[in-house]
Amino acid sequence: MLIPYQMLEPATLDALLEDFVTRDGTDNGYEDSLERRVLQVRRMLEKGDVLIVFHPDTGDTSLAHRHSIPADMLREFADDQG
């Protein structure tokens, strides 16, 4: 299930982004600050390059690049948006 980032409370979105950028393997060798890494991911969300994925079977939330999301999920998401 795709979740529009605008539906999240600002503090919740911040926590999600911070969690994502501090996970093992997400720094890609860059030495950017936490704030800069969060800002970069936030911009990708705002542009629609990255989407929030909620996994109802596990209760986990993750971020995924648009190109890695199945087309049927993207269509449903677009229909829900408007």
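**Close-up views of a predicted model**

**View 1. Residues around the second largest pocket.** Met1, Leu2, Pro4, Met7, Met73, Glu76, Phe77, Asp80 and Gln81 line the second largest pocket of this predicted model. Here a pocket is an open set of points on a 1 Å grid over the protein atoms alone, where a 1.4 Å probe fits, with protein on both sides within 12 Å along at least five of seven lines; lining residues have an atom within 4 Å of a point. The volume of the second largest pocket is about 160 Å³, counted as the space filled by probe spheres set on the points, with grid points joined across faces, edges and corners. Helix H3 (residues 71–81) is the top contributor to the lining of the second largest pocket, giving five residues. Sorted by class, the lining holds six nonpolar, one polar and two charged residues (Ala, Val, Leu, Ile, Met, Phe, Trp, Tyr, Cys and Pro count as nonpolar, Asp, Glu, Lys and Arg as charged, and the others, Gly among them, as polar).

A word on reading these views: residues are numbered from 1 along each chain as its sequence is written, and side-chain values use heavy atoms, leaving out hydrogens and water. Since the model is predicted, local features need pLDDT of at least 70 and side-chain atom pairs count only at pLDDT 80 or more, while totals for chains, interfaces and linings use all residues.

**View 2. The whole chain, for orientation.** The protein chain has three helices and three strands, and follows the pattern β-α-α-β-β-α along the sequence. With a radius of gyration of 13 Å, close to the 12 Å that the globule rule gives for 82 residues, the protein chain is as compact as a globular protein of that length. That radius is taken over C-alpha atoms, and the rule is 2.2 Å times the number of residues to the power 0.38. Helices (H or I, at least four residues) and strands (E, at least two) are DSSP runs, numbered from the N terminus. Along its principal axes, the C-alpha trace spans about 40 × 25 × 25 Å.

**View 3. The three-stranded sheet.** The strands make an open sheet in the order S1-S2-S3, with antiparallel pairing. Strand S1 (2–3) and S3 are the edge strands, each pairing on one side only. Two strands pair if DSSP finds at least two bridges between them. S1 and S2 are joined by two bridges, and leucine 2 has valine 53 in S2 as its bridge partner. Strand S2 (residues 50–55) and strand S3 (residues 60–65) pair over six bridges.

**View 4. The hairpin of S2 and S3.** Look for two bridge pairs here: phenylalanine 54 partners threonine 61 in S3, and histidine 55 partners aspartate 60 in S3. Four residues lie between the strands of this hairpin, where glycine 59 takes a positive phi near 80 degrees.

View 5. Isoleucine 69 sits in the loop between S3 and H3. This residue is buried, at a relative accessible area of 8% (buried means under 20%, exposed over 50%, partly exposed in between, with a 1.4 Å probe and protein chains only). Not counting residues up to four places away in sequence, isoleucine 69 touches Leu2, Leu51, Val53, Ala64 and Leu74, where a contact means heavy atoms within 4.5 Å. The C-alpha atoms of isoleucine 69 and leucine 2 are separated by 9.3 Å, although these residues are 67 residues apart along the chain.

View 6. Glutamate 31 is in the loop between helix H1 (10–21) and helix H2 (34–47), and counts as exposed at 78% relative accessibility. Its C-alpha atom is separated by 35 Å from that of aspartate 57, 26 residues apart along the chain. Alanine 78, in helix H3, is partly exposed, with a relative accessible area of 46%. From C-alpha to C-alpha, alanine 78 and methionine 7 are 15 Å apart in space and 71 residues apart in sequence.
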